[in-house]
Amino acid sequence: MVEGGLVERELVGLESALVEALGYAHVGITVWMVEGGKYQLSYASETACRILGHPVDVLRREHPLFFVAPEFRADLADRTRRRLAGEDVPSHFETVVLTAEGKRKPIEIGSARTPHGSGEAIISFFRDISDRRVTEEALARSEARFRLLIEKSPDGIVVLREGRLVYANPAVVRMFGYARSEDLLGRSIVDLTVPEDRPILLSRLPAVAAGESIPPQVYRGLRADGGIVTAEIVSLATEFEGTSVVLGFARDITERERLRAQAIQADRMATLGFLAAGVAHEINNPLAYLSVLLQSLEREVGPAAEPRLTDARQAVERIAAIVRDLRTFSRPDRAEIASADVSRVLASALKMADHEIKHRAELVTAIEVVPPVAASEARLGQVFLNLLVNAIQALPEESDVRPVIRVSARAVGDRVVVEVTDSGVGMTPTVRARIFDPFFTTKPAGAGTGLGLSICRDIINAYGGDITVESEVGRGSTFRVSFPTAVSTSPAVAEPPVAVRAPRARILVVDDEALLAMALQRELEREHDVAVATSGRQALEQLQAASFDCVLCDVMMADLSGVDLYGEVKRLRPGQEARFVFMTGGACTPRATAFLESVANPRLDKPFAIEAVDDLVRRTLAASV
């Protein structure tokens with residue numbers, strides 16, 4: 001013990017047992033007598049000497065501030081002065097001392113004053129907080145690393161208090177398209193979610209706040225730019241700044257969902273393409289027979305004598321167009337590409353839709369004369385008519401102001417731009433993002449298939465064009481279609497064809513659709529000798545027994561396909577295979593499709609015009625001469 005006798009003399013009433021206990025305490029203790037502004041050490045425990053890093057004789061000789069690190073001396077002197085002056089200064093504080101070896105040591109000091117004689121005694125308690133500082137600094141570094149991890153995390157992290165954001169890391173800010181986290185703080189998480197997903201969010205938030213374990217859930221959020229972000233959210237209850245909160249971890253899966261949707265769509269399209277081909281085959285075979293029959297009747301009685309035949313034929317062509325639309329999903333139709341007059345096609349579509357438009361809206365047009373584009377006018381007409389019908393259907397049933405549909409066509413640089421604008425109900429960002437998806441529709445069940453705009457997009461893309469939409473709820477929509485202008489060429493002027501009657505020839509019609517085969521026989525036998533085979537094997541027997549100048553052959557047949565029949569004829573009677581003209585109803589296998597693309601033989605898509613059959617027969621006969 002240091003200066004034990006001195007303590008007994010200076011500290012009146014202090015028991016010897018207390019003095020002994022102070023000597024063994026882990027807290028250092030000093031007693032300084034202050035009189036007339038002078039300090040005199042009266043007592044210092046061994047622990048105090050160890051903590052301060054100086055022996056007792058040095059402590060006795062030096063001023064108390066001598067042991068304090070230089071940068072802290074002024075603050076400590078001011079604290080002591082104010083306290084001696086009677087100000088209410090905290091008696092507990094931290095500082096840094098310098099040991100005899102020059103080592104800096106953080107300490108915690110608590111002091112008390114008591115009158116003594118003509119002055120006062122200052123009793124100070126010292127605690128070495130080096131270990132605590134190491135722990136605190138390690139914790140601070142850990143917190144800094146953790147905060148950096150949160151700030152740099154590619155996944156979003158949010159803290160919700162009563163459903164409002166009190167923290168959002170940079171990933172969340174980017175995810176929602178904002179510039180600063182402050183733009184999100186204080187906002188309701190419900191308001192940041194698309195309306196369709198809000199009910200499930202509202203049902204889950206109380207359960208999470210109550211501490212229930214909730215599996216991850218996918219939500220769609222509203223971005224600052226009006227777009228949609230899809231995120232997978234994991235939530236749990238915790239404490240933040242002393243209050244109960246919900247901690248959410250959000251992973252942006254927008255791209256993943258887009259790719260997943262594309263994969264699903266691709267699979268669906270493949271399935272639809274397969275089904276469409278089968279449906280097309282089943283419809284086109286009898287439809288081809290019906291088309292040939294109607295054309296035959298028109299030839300006999302004349303369309304002027306019986307206009308209902310023309311109406312019936314137009315109905316057949318409409319059914320054929322519907323079948324082609326289904327097939328568009330498996331393979332976009334680029335047939336019949338020519339130099340198309342967009343202005344004329346648009347004017348024609350307006351005439352077709354005029355009856356519906358004039359009863360629903362005011363029509364405003366600004367159709368300029370524009371350069372031609374490389375496309376099928378029939379397909380363009382289908383696109384424009386579909387957009388007009390959509391515009392009509394988007395108009396409100398009742399309105400104080402007469403709705404308006406605006407249609408324009410203009411040349412912009414090397415492109416032709418067509419716009420169809422309506423003053424209808426408009427679309428939410430969610431609907432706008434999916435408007436071109438196959439099978440997506442906002443119409444009631446049974447009122448639409450959701451295929452129209454998807455077909456339009458595929459047709460437009462097939463011609464090198466693009467289609468976009470701008471829409472706002474309550475302010476209507478604008479569909480904008482853009483096509484590249486057709487490359488200007490100067491083709492040589494061809495001599496007008498001379499109508500030459502083809503010589504009478506032997507023709508074999510091969511089709512397992514007996515009605516179609518017989519109808520073709522009746523048409524062709526006016527000018528040729530025609531035989532019929534209603535199966536591939538029957539045709540092979542006839543081709544082995546006799547030669548034919550032309551073979552009209554169906555591609556898909558049950559017993560022996562047109563592809564296999566062609567191969568057998570090429571093997572058994574070389575040269576005859578060049579006289580094949582293939583007919584197809586659309587149900588081509590990959591092998592048959594590849595075959596048709598590899599051979600030079602002509603092809604007829606069912607249903608077809610009799611004139612097309614006559615033309616191909618003449619060409620085949622001319623090539624065989």
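Start with R506 and F548. The charged end of R506 sits over the ring of F548, 4.6 Å from the ring centre. "Over a ring" has a cut-off: NZ of Lys or CZ of Arg within 6 Å of the ring centre and within 35 degrees of the ring normal. R79 also lies over a ring face, that of F93, at 4.3 Å from the ring centre.

A word on the source. This is a predicted model, where local features need pLDDT of at least 70 and side-chain atom pairs count only at pLDDT 80 or more, while totals for chains, interfaces and linings use all residues. Residues are numbered from 1 along each chain as its sequence is written, and side-chain values use heavy atoms, with hydrogens and water left out.

Now the salt bridges. The rule: a side-chain nitrogen of Lys or Arg within 4 Å of a carboxyl oxygen of Asp or Glu. How many salt bridges does that give? The count is 27.

Take E71 and R104. Their side chains form a salt bridge, 2.3 Å from N to O. E71 lies in helix α5, residues 70–84, and R104 in strand β4, residues 104–116, so the pair ties together parts that are 33 residues apart in sequence. Helices and strands here are DSSP runs, numbered from the N terminus: H or I with at least four residues for helices, E with at least two for strands.

Are these two buried or exposed? E71 is partly exposed, at 47% relative accessible area. R104 is partly exposed too, at 44%. The scale: buried is under 20% relative accessible area, exposed is over 50%, and partly exposed is in between, with a 1.4 Å probe and protein chains only.

Next, R133 and E94. This salt bridge is 2.9 Å, N to O. The pair links distant parts of the chain, with R133 in helix α6 (residues 130–152) and E94 in strand β3 (residues 92–98), 39 residues apart. R133 is partly exposed at 23% relative accessibility. E94 is partly exposed at 36%.

Then D554 and K606. Their closest N and O atoms are 3.3 Å apart, in a salt bridge. D554 is in strand β20, residues 550–554. K606 is in the loop between β22 (603–605) and α19 (610–624). Where do the side chains stand on accessibility? D554 is buried, at 0%. K606 is buried, at 4%.

Some bridges share partners. Which residues do they join into one network? E94, E108, R127, R132 and R133.

On to the aromatics. Rings of Phe, Tyr and Trp (its six-membered ring) pair if their centres lie within 6.5 Å; planes under 30 degrees apart are stacked, over 60 edge-to-face, the rest tilted. That rule gives seven aromatic pairs.

One of them is F66 with F67, edge-to-face, 5.2 Å centre to centre, with 85° between the planes. F66 is partly exposed at 37% relative accessibility. F67 is buried at 3%.

Another is Y566 with F595. The geometry is edge-to-face: 5.1 Å centre to centre, 70° between the planes. Y566 sits in helix α17 (residues 562–572) and F595 in helix α18 (residues 590–598), so this pair links distant parts of the chain, 29 residues apart. Y566 is buried, at 11% relative accessible area. F595 is buried, at 13%.

Last item. Which cluster holds Y566 and F595? One aromatic cluster, formed by Y566, F580, F582 and F595.
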